[in-house]
Amino acid sequence: MESAISPFLHPALDRLGVSDEMRHLMITPYREVKFGLPLVCHEGGLKLYTGFRVQHNHSRGPFKGGLRFHPDVDLAHFRDLASVMTWKCALVDIPFGGAKGGINCNPHELNSSELEVLTKRFVDRLDEMLGPDRDIPAPDMGTSPREMAWIMEAHSKDHGYEPGIVTGKPIQLGGSPGRLAATGRGVALVTCWACENLGIEVQGARIAIQGFGNVGSHAANFLHDFGAKVVAISNRHSGFYQGDGLDIPGIIKSRNESDDDLTLQQIDFAAGEISNEELLALDVDILIPAAVEATIHQNNVDQLRARLIVEAANLPVTAEADATLQERGIPVIPDLLANAGGVTVSYLEWVQNRQRYSWTESEVNNKLESTLHNAWKQLTESAKSTGSSRREAAYTIGTQRVKEAIELRGF
Ligand SMILES: NC(=O)C1=CN([C@@H]2O[C@H](COP(=O)(O)OP(=O)(O)OC[C@H]3O[C@@H](n4cnc5c(N)ncnc54)[C@H](O)[C@@H]3O)[C@@H](O)[C@H]2O)C=CC1
Ligand SMILES: O=C(O)CCC(=O)C(=O)O
């Protein structure tokens, strides 16, 4: 499989003028593992899943990145996503490297105790690679605070009480206030700054959001609170459109009551059903892809009518589509910044865990906002002064910081 990040990364390394050896070092994962995970299912019978962890780079701090439980994942996928984490942490200037991993299972088809066994077995297999100063997992698609609690338990069994082994935990176990909503909060804040920059009024702005999980639903809720009209949302099954704005708090409430992504379909509100492809092509001010990679590609990019795209998902716009959007003058706020709120509060959670001390939610939210705003300022200034896109500027800053750390540490 061709790397989705290479077309963004190589030009940044060209701009830095790195040697071939340094380029190779910066693009190659430090370590990647793939292993079998057997599970005896409740109805009987053995199933074999595959676990993955790619540790991309740790020159600026321990490996950091989420765990995805999804049937379609593979090593190539995680290689790209781990690399994204490295540049993202560097861009927002938190002392972590990049990693990503997960299991090729469909969490909707397993019950809670099967998932618990699988998650704990995953941690056992990775035992010597994980640790609060080595590699710190967190939630990504298909995982949540529940799985993070199991990870903490599995690790602490052999290593003693250590909440800093994982972030995105339940608050009762040392999770940080604000982490659950942090990625969506960051998406909403960055959207507001971008609107201000581009002369788009947030109040009343029409927004379409693809993906209504942790990130999409929290982003929708914050933007609704800021006065925007979220006119369309979707999940992996279908989408909904209501021209005068959806009742986002009401939809989230009923989704949470059933605790199942599927029930978005069953919610009773005065909206029409649309497909994910139709959602992407809506005539809106802002389009927020918050689901999976490559949902905006060369075959649908010409249909897009949004004035601004904010990448809440990782790598949702392919390189070909990105080039077309640049030609059409449609600004894209890149994933490296737009969804960095999650890992930023993960860092704050890890700091609190290491100090055995906790901050209030408003302290955490203030630190999140100032971290993202610093990165936003650096990114926009760099894009302006070099005449590059925001994505190019994000990669230039991220790769520059990682290169500097590698050189300072030596080989
Ligand atoms: N959870 C976090 O803190 C962070 C997540 N992200 C990224 O945000 C994205 C979403 O993650 P979460 O919200 O955590 O996942 P989630 O598992 O909570 O929700 C994913 C949502 O996307 C929908 N979906 C899945 N495939 C789809 C498709 N092909 N078309 C439309 N909708 C689809 C699902 O039905 C669900 O509504 C991912 O790209 C993830 O890597 C990025 C930074 C942090
Ligand atoms: O919170 C974290 O450590 C990682 C979040 C993540 O996986 C991401 O930013 O893509």
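This is a predicted model: local features need pLDDT of at least 70, side-chain atom pairs count only at pLDDT 80 or more; totals for chains, interfaces and linings use all residues.
Residues are numbered from 1 along each chain as its sequence is written, with chains lettered from A and ligands numbered from 1 in the order in which they are written.

**View 1. The surroundings of ligand 1.** Ligand 1 is surrounded by 26 residues, and the closest are G211, G213, N235, A313 and G342. Helix α7 (residues 214-225) provides the largest share of this shell, three residues; helices (H or I, at least four residues) and strands (E, at least two) are DSSP runs, numbered from the N terminus. By class, the shell has nine nonpolar, 14 polar and three charged residues. Here Ala, Val, Leu, Ile, Met, Phe, Trp, Tyr, Cys and Pro count as nonpolar, Asp, Glu, Lys and Arg as charged, and the others, Gly among them, as polar. Ligand 1 lies between domain 1 (6-168) and domain 2 (182-330), because both give residues to its shell; the domain bounds come from an automatic or database domain assignment.

**View 2. Strand β7 and its two partners.** Strand β7 (residues 229-234) is largely enclosed by the rest of the structure, because five of its six residues are buried (20 or more other C-beta atoms within 10 Å of a residue's own; exposed means 12 or fewer, partly exposed in between, with C-beta atoms placed from the backbone). Strand β6 (residues 206-210) pairs with β7 in the parallel sense over five bridges, where pairing requires that DSSP finds at least two bridges between the strands. Look for I209, whose bridge partner in β7 is I233. The β-α-β crossover from β6 through α7 to β7 is right-handed: with the strands pointing away from the viewer, the path from the first strand over the helix to the second runs clockwise. With strand β8 (residues 239-241), β7 pairs in the antiparallel sense over three bridges, and A232 has Y241 in β8 as its bridge partner. Four residues lie between β7 and β8 in the hairpin that they form.

**View 3. Q378 in helix α13.** Q378 sits in helix α13 (residues 361-386). Q378 counts as partly exposed because it has 17 C-beta neighbours inside 10 Å. N365 is 13 residues apart from Q378 along the chain, and their C-alpha atoms are separated by 20 Å.

How values were computed: A residue is near a molecule or strand if its C-beta atom, placed from the backbone, lies within 6 Å of it.
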